[in-house]
Amino acid sequence: MLQYCKNGVTAGDRKEQKVDQEKEEVFFDIGKRKRKELLVRQAGIIAVLIIVISALLYLGRYIWTDYRDTLVENQKAQMLIISQTLGKNITDTMLDYKDDLELLAEMESGGTADRSFYERYLGTQERFEKDLMRIDAEGEPVWSIYGTTLQNQIFLTQMDAKNSIWQCEDPDGNRYLAFRQRFDNGDSFLLVIDGEAYYEKLISDIHVGTNGYIMIKNSSGIIVMHPERNQWGIDVIEGRKKLYPDLDYTSLEEMIRKQISGNSGLSDYYSYWWTQENPTRVRKISAYAPAWIDDDYWVVSAVIDYDDLYSPVAKGVQNLLLVFAVGSVVFILLAVYIGKLLFEQRKADSEIGYLRELNQVLEEMHRSEETIAHQQRLQIMGTMTGGIAHEFNNFLTPIMGHAELLMLQLPEDSEEYESAQEIYDASEKAKEIIRQISSMSRKNVETVYKNIDCLKFLTRAVKMVQSVCPANVTLKEELGKEEGYILGNPTQLNQVLLNICVNAIHAIGRDEGSLMIRTGYVDKKTVMQYVSSEPSDIWKKYLMIEIGDDGCGMDKETVKQIFEPFFTTKKTGEGTGLGLALAEQIITSHKGFISVQSELGKGSIFRIFLPATEAPEMQTRTESGRNLHFVIVDDNAKILQMLGKSLEKLKLSVASCRNGAALEECLKKQGADVLLIDESLEDGSGVDFCMALQGKYPEMLRIIMTDHVTREIVEAKQRKIIDAYIEKPVSRQTILETVYCCTHEEEQQP
């Protein structure tokens, strides 16, 4: 029987409804707990992400700060190194110029230099020397080598009691540095340096930042060098106030006070970009260092925009933002960023190392410049030595001449004759000493030589080569027996032969081999078979020196480069590559030629061709054989008096002249049979005078008196510009022998 509950719902239905309700409550509780656990997990994940992101932000901030500070400090260190390096180089260069100024001023005050010497000095300089000049006490020019006009002179530096540096400009506005030494009489001697060229070539190309530049000022704040020409010579503060009166100079003035203290350092300040048409106020950094010039100094300043220091950092910031934006690759990007930091650090360290190496290179260049300057001083000393020898020859000529006159007038058994003989002998010894001193005054390899007996010279050279030959190398010689002479420098020619022979020995190596030296005389056609240049028609025959070996030989490409400087086939450290280049230079300076013939595995043959000269003729006959009229030209009155008196003793007609103008007047009035003229006159060269007189007086003998025989004099004789030359000091005996030789040659000619 079914039982129904109230309202028609049975008890079973109510029980089922209760169960369903309990199930729903359980499911709700489970869902509530799951949602709570999910929220907790989500909150944990968010917290972890926040912690990770915070840690990454902190780490990124730390890395960013370290990166920024490191990069900025490295760039500041680089700027300071640049300023210090430039300061040292400017110091060395300015002191070199001062040394040159002191030496040249000493020669000017002593009267030992002339215009031609100053022109040669300026012509041989490879730096920035512009002119040499002398000004009086009022600042007016006395003379100038190249006629440079200086104006608007601004005092820069007092190096010591006598020497100072001034900034000047010419009428075109070009800027110069004038190294000035004041003489006791109020005059000054100036060495003018092209300041703009110096700044353009050595300083302006050094870039710091986007708008940065290098500038130089003196210890008083006067601008010495600046990228803008209108800034040169003005006071760094007061001068700019005149140019730009409405700007704020407070920060700049504080920075300048630090710079002119004489110390190195870095300054952060506010200033303007003076290279812009309308200067704008910017924050700058200046790295400065002093360049000491004896008792005073200049300030070398490298200026950069402060923002330029942080421009490399912008890329790093972008990378960091990208790292934080992409959460899934945070650690990977962070590792990449750290790697990039390390790379930038190594790059910065590499740049610092590069600057250090650059500093070493600059120091080596400075040492090379010192070596060149030393060589230039030696050249100057050589020129002075030649001048001293010239003056002593002028003293010895009257001494020997008057001693010779006394010997002719006195009985040979008298004490006075013996005294005169002693004077003459002592003069002969002094003459030899002066000749040795004169041999030291070699201005270059092309000018001063002497006649060399070829056979004697080659015999000695072979003995010298024999001494360096190892046991495995056999030296063979075939020296021509024909007598002959060459005009040259025996020391340099020995150097060439020894260098080629040593190279041949190295080519043979440790194997058994032979070295052949063969000599002989050839004509111009034979020379043209081995050289590409056509020999001069002046020389009729050449001495050929052939040096052959059976060593390793060379290929065609090596033969083409064998005479190039610094080219060598030897291992690193075993050869400089300068030996054969120097050999070619020496042979060329001797008006000769050098060629090479080689084949791999068959050895090499070097051929040297040197122009041969006639043997020097010596006669002992003292009388001229005819009554000749002599004209003697020399700027030394004592020499003229002695030679005239000596020749007049033989009843010869003698006229004396002190310069070229007097010579021309004398020849117009009475002509001459023999012209005896000094090579070094105050108003010109003796050879030049003979050349000018060649067509006017064809029958007149032209004889040059010289301190030492030069190639120009020998060529003048071969071209019949002069008839003979005599080395000083001269005597009556030497003059008569030379005249006899010249007249005897004319009589033998058809």
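Author: Let's start with Leu-498, which sits in helix α10 (residues 490–508); helices here are DSSP runs of H or I with at least four residues, strands are E runs of at least two, and both are numbered from the N terminus. Before going on: this is a predicted model, where local features need pLDDT of at least 70, side-chain atom pairs count only at pLDDT 80 or more, and totals for chains, interfaces and linings use all residues. Residues are numbered from 1 along each chain as its sequence is written, and side-chain values use heavy atoms, leaving out hydrogens and water.

Back to Leu-498: its relative accessible area is 27%, so it counts as partly exposed (buried is under 20%, exposed over 50%, partly exposed in between, with a 1.4 Å probe and protein chains only). Setting aside neighbours within four places in sequence, Leu-498 touches Met-464 and Val-468, contact meaning heavy atoms within 4.5 Å. Ala-461 is 37 residues away from Leu-498 in sequence, yet their C-alpha atoms are 7.8 Å apart.

Lys-591, in the loop between α13 (579–589) and β17 (593–599), has a positive phi near 65° without being a glycine. Its relative accessible area is 37%, so Lys-591 is partly exposed. Lys-651 also isn't a glycine and has a positive phi of about 65°; you'll find Lys-651 in the loop between α14 (637–648) and β20 (653–657). Lys-651 has 70% relative accessibility, so it counts as exposed.
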